[in-house]
Amino acid sequence: METVVPSGETPDAGPEESPAEATVLRMLLGAQLRRLREAAEISAEKAGYEIRASRSKISRMETGRVGLKLRDIEDLLTLYGVTDEKQRAKVITLASRSREPEWWTQYNDILPDWFETYLGLESAAVTIRNFETQFVPGLFQTEDYARAVTRLGHQTAPEPEVERRVRLRVARQDILSRPRPPRVWAIMDEAVLRRPVGGAAVMHTQLLRLAETAQQPGVRLQAIPFARGGHAAASGSFSILRFKERDLPDVVYMEQLTSAVYLDQRADVEHYLEIVNQLSGEALTPADTVRFIEQVIKET
Amino acid sequence: MTSNEAPGTDDSASKVGSLPFDVTKAHQARSYDYLLGGKDNFAADRAAVDEQIKIYPDLVFTMRANRAFLGRAVRYLVGEVGIRQFLDIGTGIPTAGNTHEVAQALAPETRVVYVDYDPIVLAHARALLDSSDSGATEYIDADLRDTGTILAQAANLLDFTKPVAVTLLSILHAITDADDPYSIVATLLDAVPSGSYLAISHAGPESFTAEAREKLMDSTRRTSLQQYTLRTREQVARFFDGTDLVEPGLVPVEEWRPDPGARAEGKSVYWCAVGKKR
């Protein structure tokens, strides 16, 4: 959707800068190429034909889901009538920067592609909103809790693989201690606090960690007690990632058993924003949530 | 021009209480978010704002200038006057430079009570507007017209025997004359002691041609949940009865104690002033 508001950065109260992650650069590159294509009034089909690719490849490229060969980008720029060398160089530079390897490439053997995308988005986001029905949000899991969750999903995996998966999960938490951490705003069903994943002892330590994390600046935890009755998310768990760049839409992420769903069409995203806002209104305040977690700790 | 320009025919908009969570009509808080470059807005908000910008291109400037006025007014009240308590009615969706952030950066012990009646503000405010360690912040989900609820709940955090700054930015034009905004403001001022402050920003009709005004009103009637009553400089001045305006008096928002070297990049339609209760 076109906006007539002058471009600038989202004045989110969050951090001013997020690291220039390859994923977000790719999304920015895609957004620029889409604008150029639309300005030249060229269909995605025609653009795809030019570089011997499908219409859907162009669309995935324009939303930053896949990278592109530099050669293809040059051809597209020519097709879009971008002849100014400076303007071309800008786009090409962005494209080259978006090809630098990420920290998680060392985990490539255990990382499905769809999760790699998520890691890129997660580390580029300035705000991560999250609704969880079953598990403690990944960014707040203790190692033991993460191990228990991993074993649930990979029951036959050999021990070393499980350990690498656990280490990956814990490494993700580094974004919380970087200089400009994202704001993480998580809403959890009471079930998250009650289900003793990994056993009572693991859960106890996890709850202590959660109560501590909840008081970190930049972290907002809100619990929805059972007593509040049915809540707005019949949908199950999801995350909404927001990026600093005005051009980048929010992305909704939902993990499934063997893949993940990403939504970045505005109408879809808005539906989830609506839900998460309702949930947030129904949930306890962050201060009451800390007390609630402490209460659960006492009871278990 | 006053309430005769405002239709006030929408029953749901004139009922006192929280707004419904409606994404099919533009809400003021979400439209404001869009105008300030935020992402917490919906298609209906953007469509309404885009339509209104076509009629009045300086709308973006006006909203940014209003936000900047908030920052300067709070800095003035905390830094120069020594105010440590705020009743901020019409909070909006939290963005950079919220009242408590500006105030508590200068005086961490400052207490801020926010009031809004839009559920999207409630969702954000409950989670995001929390206080610094020594100060305190509260959020009240209430309609400006329900001054009884506002004052009763605000008393939990604010000490009404000491000066309070009441801020009503970009909100009174959403109150039609039928709801008597003057008595609402008077009730709030009555509750605070002498030496308290009142800050208001309010849309005025002066910069619009009659045609543009009619177009704008027609646009909000079709697209927006809230309806607006523009008030002239003299009408806005009446809100300050019983106070002495601090320099420079009642001026467009961009002209109120501008930061040194600041140059206005447009012309706003918002009047503003800060008055000290006698």
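A:R147 is buried, with a relative accessible area of 15%, where buried means under 20% relative accessible area, exposed over 50% and partly exposed in between (1.4 Å probe, protein chains only). This residue belongs to a network of salt bridges that links A:E143, A:D144, A:R147 and A:E163. The model is predicted, so local features need pLDDT of at least 70 and side-chain atom pairs count only at pLDDT 80 or more, while totals for chains, interfaces and linings use all residues. Residues are numbered from 1 along each chain as its sequence is written, chains are lettered from A and ligands numbered from 1 in the order in which they are written, and side-chain values use heavy atoms, with hydrogens and water left out.

**Salt bridges**

- The structure holds 29 salt bridges over all chains, each being a side-chain nitrogen of Lys or Arg within 4 Å of a carboxyl oxygen of Asp or Glu.
- Side chains of opposite charge can pair when their charged atoms come close.
- A:R147 pairs with A:E143, the closest N and O atoms being 3.2 Å apart, and with A:D144 at 2.9 Å, N to O.
- A:R147 and A:E143 are separated by about one helical turn because they are four residues apart in helix α7 (residues 143-153) of chain A; helices (H or I, at least four residues) and strands (E, at least two) are DSSP runs, numbered from the N terminus.
- A:D144 and A:R147, three residues apart in helix α7 of chain A, are likewise separated by about one helical turn.
- A:E143 is partly exposed, with a relative accessible area of 44%, and A:D144 is partly exposed at 43%.
- A:R88 forms a salt bridge with A:E74, with the closest N and O atoms 3.2 Å apart.
- Because A:R88 lies in helix α5 (residues 85-97) of chain A and A:E74 in helix α4 (residues 70-79) of chain A, this pair ties together parts that are 14 residues apart in sequence.
- A:R88 is buried at 11% relative accessible area, whereas A:E74 counts as partly exposed at 34%.

**Nonpolar cores**

- The largest nonpolar core has 71 residues, of which A:F140, A:L193, A:L221 and A:F243 touch the most other members; such a core is a set of buried Ala, Val, Leu, Ile, Met, Phe, Trp, Tyr and Cys residues joined through side-chain atoms within 4.5 Å.
- Helix α1 (residues 22-39) of chain A supplies the largest share of this core, seven residues.
- A second, separate core of 68 residues includes A:V269, B:L122, B:Y197 and B:V274.
- Leaving aside residues up to four places away in sequence, A:L221 touches residues including A:F140, A:M188, A:L210 and A:I293, contact meaning heavy atoms within 4.5 Å.

**Helix α11 of chain A**

- The 17 residues of helix α11 (residues 266-282) of chain A should span 24 Å at 1.5 Å a residue, and the end C-alpha atoms are 24 Å apart, which agrees; the expected span is 1.5 Å times one less than the number of residues.
- Among the buried residues of α11(A) are A:V269, A:E270, A:Y272 and A:N277.

**Surroundings of B:S201**

- B:S201 lies in strand β5 (residues 197-203) of chain B and is buried, with a relative accessible area of 0%.
- The side chains of B:S201 and B:N66 are joined by a polar contact of 2.6 Å, that is, a pair of N or O atoms within 3.5 Å; within protein, one must be able to donate a hydrogen and the other to accept it, and residues adjacent in sequence count only if both atoms are side-chain atoms.
- A polar atom of the B:S201 side chain lies 2.9 Å from the backbone nitrogen of B:S170.
- Not counting residues up to four places away in sequence, B:S201 also touches residues including B:F69, B:L168, B:V253 and B:W271.
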